Amino acid sequence: MKKIITLALIFLPMFLFAQNTWEKKTSLPASKRSRSASFSIANRGYIVGGEDTLEVELNDCWEYDPGIDSWTQKASLPAVGRRDAIGFSIGLKGYCGTGIDMPDAFNGNQLSDFWEYSPVTNTWVQRASYPGNFSLGIYFATGFAVNGMGYAVCGKKGPSNYSAEVWQFNPNTNAWIQKTNFPGGVRYGQSGFALNGKAYVGCGTDENWFTNDFWEYNPATDFWLQKANFPASSRAFATAFALGAKGYMGLGTDGGFKDDWYEYDVPSDSWSVKATVPNAGRRSAPAFVISGAGYVMMGKGVNGKHRDLWQYHPYIVGVEEYKLTHVNVFPNPATEIINFTVEENFVSEKENLSIQLISIDGKIIAEKSLEGKNQVVLTNESWVPGIYLYSLTDGKTNYGGGRVVIR
């Protein structure tokens, strides 16, 4: 008797790819740039401002939609153009502020203004200015959000003038509160990410020395704890984000331009080497995480500024960190026939849906269209026994998936 597996799928914005790979996406349809601020809201990514190839400071804002791999220009920041600002998101709002308005720090003005962006109305609202450095502004600070609060860490007060201050922004009260100083000393050009209710900040420079120390900040106790050093060369202006249960950091400059990439594991306090970022090394490259994937873009390298966009796939989604809910697999494993049953409401809303069966190295070994129905059957065609992935897709977007064991 033939054995059948029935799986009920729900819509989830996931992507199934081979692990530890970079995928080229649509480049920014605007000027090449570096030193932009970035944040993500829901399933969209945003970059704000930066410095272009003519060393002009920008105030434009662009939104990236991973579902259609496309950029859309949004309302510009209603303030002076800037580089080296901070950006983060809290709930359904994005925040951007501070920075400097000129390429030459000696002639520029460090900025303290701070803004909130709503994607629903496509509008910016000014919020309380950054009060550090006696309210004179800061640039090259490191921004992140943890537990509904935003943070600005260290930065540059002016030429040869650096900060170790840490400030917390409360969006509900529209107020900043000073917290415990960064214990590594004055610093700028650091990189950081938030993970499991804590923040992780490392590297940077005081202009005299590049550093590779790495620190954990606990907002609940306002306490910093030193962790395992970043395992590669000391550097500044690196790129970092958290994805799933891991942190990721790389790129930057140690005097040259780096293209390396590393994964940080919190429980073991350890780093591991990952695939290098394509298209040459770079510094000051913004990043965001949307729909369960990390993105790195733009920045400045040996050949000048970039506008390219790269998506990082750290592991096979649906097999490791990201596990589907509301999926019934009975029985599992399969031998001859796999029957996929998709939620009817979802099928009625989409066109050209099909099921792909994907080998563990990312190759599509079988595909069949639903043809408007909510069931499809794949028959074993001498598939090698092992773990396989399935993906529900319309050819442009992968809407979810999981794993199947075939014997």
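Helices (H or I, at least four residues) and strands (E, at least two) are DSSP runs, numbered from the N terminus. All views show a predicted model, in which local features need pLDDT of at least 70, side-chain atom pairs count only at pLDDT 80 or more, and totals for chains, interfaces and linings use all residues. Residues are numbered from 1 along each chain as its sequence is written, and side-chain values use heavy atoms, with hydrogens and water left out.

**View A. N196 in the loop between β16 and β17.** The loop joins β16 (191-195) and β17 (198-202) in this view. N196 is not a glycine, yet its phi is positive, near 55°. Its relative accessible area is 64%, so N196 is exposed (exposed means over 50% relative accessible area, buried under 20%, partly exposed in between; 1.4 Å probe, protein chains only).

**View B. N279 in the loop between β23 and β24.** With 42% relative accessibility, N279 is partly exposed.

**View C. The open sheet β16-β17-β18-β19.** Its 4 strands pair in antiparallel fashion, where pairing requires at least two DSSP bridges between two strands. β16 and β19 (223-227) are the edge strands; each has a single partner, so one side of each lacks a neighbour in the sheet. Neighbouring strands are turned by 25° against each other on average, direction ignored (axes are lines fitted to C-alpha atoms, for helices over the stretch in contact, and angles run from 0 to 180 degrees between N-to-C directions).

**View D. The hairpin of β18 and β19.** Strand β18 (residues 214-218) runs antiparallel to β19 and is joined to it by 5 bridges. E216 stands opposite L225, and W215 stands opposite Q226. Between the two strands lie 4 residues, and D222 in this turn has a positive phi of about 55°.

View E. Beyond its neighbours within four places in sequence, R33 is in contact (heavy atoms within 4.5 Å) with residues including W62, M298 and H306. G50 is 17 residues from R33 in sequence, and their C-alpha atoms are 6.1 Å apart.
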